[in-house]
Amino acid sequence: MRPTEDSYRFQGLRKKLVDIIAAKGITNEKVLQVIGKIPRHFFLDSAFGEEAYADKAFPIGEGQTISQPYTVAYQTQLLEIEPFNKVLEIGTGSAYQAVVLAEMGAQVYTIERQKKLFELNKNFPLLKKYLTIKFFYGDGYEGLPTYAPFDRIIITAAAPEIPEKLIAQLKPGGMMVIPVGAGDVQQMMRITKQANGALKEEVFDNFSFVPMLGGKNS
Ligand code: SAH
C-alpha cells in the first residue's frame, strides 16, 4: 500500500534530500522547491518508510523503478519548463516525475506501457488534485498523435535511439530530454527542434535507466 500521511519527520527528510541533490549540481530553484514539496514516500510502498528519501531508485513492481530524485531533478532542469507548457512523458511508472512536471506548471500527458502500473495510478488519491496530468496506457514509441505537438517531451526509460515518431510530435522551438543508449549506461541528451525544423543535439551526463520497450504489456 502507498502511504497517505505526511509528517514533520518526512518534511525534514525532504529538506535533506534537496540539499543532497543541490550538492550534486542541481541549481534550478524551482526544481529544488518542487522536490522539497512532493511527498516521495506517497509513491512507494509503505514498507520503504524513511528510505523513500534516500537519493536512490527503488522498485515499484513489474520490474520497474521510481527514478532516483537526482535523475528526476536533472531531467526536469534540462527541460527548462515554462508555465503551461504541454509536456509528453514516456514512462509514467510511479507518477512521481509526472507530479514534478505538474508542480513546475506543465500540462502533462504521460504514457505507461505496463497495465498494472497504469491501473495503480487510477486509484492513487494524491493524483486527484493534479487535474493537469492526463494518464494514458499505451506504447510510448507511438507518442500521442491526437494531442501533438508538444512543447517538451521527456523519456524516462533508456531509448536505444532517438524515436523519430516522437521528434515529429515536438513543436518547433520544443525540446526533448532522453537517455540514449542500448547498453547498461545511457547518455542524457537534449534535442531542440529549431524554428526551421533543424535539430540541435546536446549530450550531458551518463545515467542508467530501465529499457524503453516496444508494445504494451497487459
Ligand atoms: N517516470 C517514472 C520512471 C519509471 S521507470 C517515475 O517517476 O517513477 C520507466 C517506466 O517506463 C517504466 O514504468 C516502464 O514500464 C515504462 N516504459 C518503458 N517503455 C515504455 C514505452 N514504450 N511506453 C511507455 N512506457 C514505457
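R14 lies in helix 1, which spans residues 8–23; helices here are DSSP runs of H or I with at least four residues, strands are runs of E with at least two, and both are numbered from the N terminus. This is a predicted model, in which local features need pLDDT of at least 70 and side-chain atom pairs count only at pLDDT 80 or more, while totals for chains, interfaces and linings use all residues. Residues are numbered from 1 along each chain as its sequence is written, and side-chain values use heavy atoms, with hydrogens and water left out.

R14 is buried, with a relative accessible area of 3%; buried means under 20% relative accessible area, exposed means over 50%, and partly exposed lies in between, with a 1.4 Å probe and protein chains only. When neighbours within four places in sequence are left aside, R14 is in contact with D6, I35, G36, K37, I38, P39, H41 and Y53, where contact means heavy atoms within 4.5 Å. With D6, the side chain of R14 also makes a polar contact of 2.6 Å. A polar contact is a pair of N or O atoms within 3.5 Å; within protein, one must be able to donate a hydrogen and the other to accept it, and residues adjacent in sequence count only if both atoms are side-chain atoms.

R9 also lies in helix 1, but R9 counts as partly exposed, at 47% relative accessibility. The C-alpha atoms of R9 and E50 are separated by 8.7 Å, although these residues are 41 residues apart along the chain.

Grid points are joined across faces, edges and corners, and a volume is the space filled by probe spheres set on the points. In the table, Ala, Val, Leu, Ile, Met, Phe, Trp, Tyr, Cys and Pro count as nonpolar, Asp, Glu, Lys and Arg as charged, and the others, Gly among them, as polar.

| Pocket | Volume | Lining residues by class |
|---|---|---|
| Largest pocket | about 510 Å³ | 15 nonpolar, 15 polar and 4 charged |
| Second largest pocket | about 160 Å³ | 8 nonpolar, 1 polar and 2 charged |

The largest pocket is lined by 34 residues, and of these Q64, T65, T156, A157 and V210 lie nearest its centre. At least two lining residues each come from strand 2 (64–66), helix 3 (69–79), strand 3 (86–90), helix 4 (96–103) and strand 4 (107–112), and strand 2 gives the most, with 3 residues.

The second largest pocket is lined by M1, R2, F43, L44, D45, F48, P59, I60, S94, L117 and L120. Strand 1 (58–61) and helix 5 (115–122) each supply at least two residues of this lining.

**The ligand**

There are 27 residues around the ligand, of which G91, S94, E112, G140 and L213 come nearest; a residue is counted as near if one of its heavy atoms lies within 4 Å. A nitrogen atom of the ligand lies 2.9 Å from a backbone N or O atom of G91. An oxygen atom of the ligand is 3.1 Å from a polar backbone atom of Q97, and an oxygen atom of the ligand is 2.6 Å from an N or O atom in the side chain of E112.

Helix 4 is mostly covered, since 8 of its 8 residues are buried, namely Y96, Q97, A98, V99, V100, L101, A102 and E103. Helix 4 is followed by G105, whose phi is positive, near 100 degrees.

T92 lies in the loop between strand 3 and helix 4 and counts as buried, at 5% relative accessibility. Not counting residues up to four places away in sequence, T92 touches T110, I111, E112, N121 and F135, and the side chains of T92 and T110 are joined by a polar contact of 2.8 Å.

**D205 in strand 9**

D205 is found in strand 9, residues 199–207, and is partly exposed, with a relative accessible area of 41%. With residues up to four places away in sequence not counted, D205 touches Y70, Y74, Q186, Q187 and M188, and a polar contact of 2.8 Å joins the side chains of D205 and Y74. D205 and P179 are 26 residues apart in sequence and 9.3 Å apart in space, C-alpha to C-alpha.

Definitions and conventions
On a 1 Å grid over the protein atoms alone, a cavity is a set of points where a 1.4 Å probe fits but cannot get out, and a pocket is an open set with protein on both sides within 12 Å along at least five of seven lines; lining residues have an atom within 4 Å of a point.
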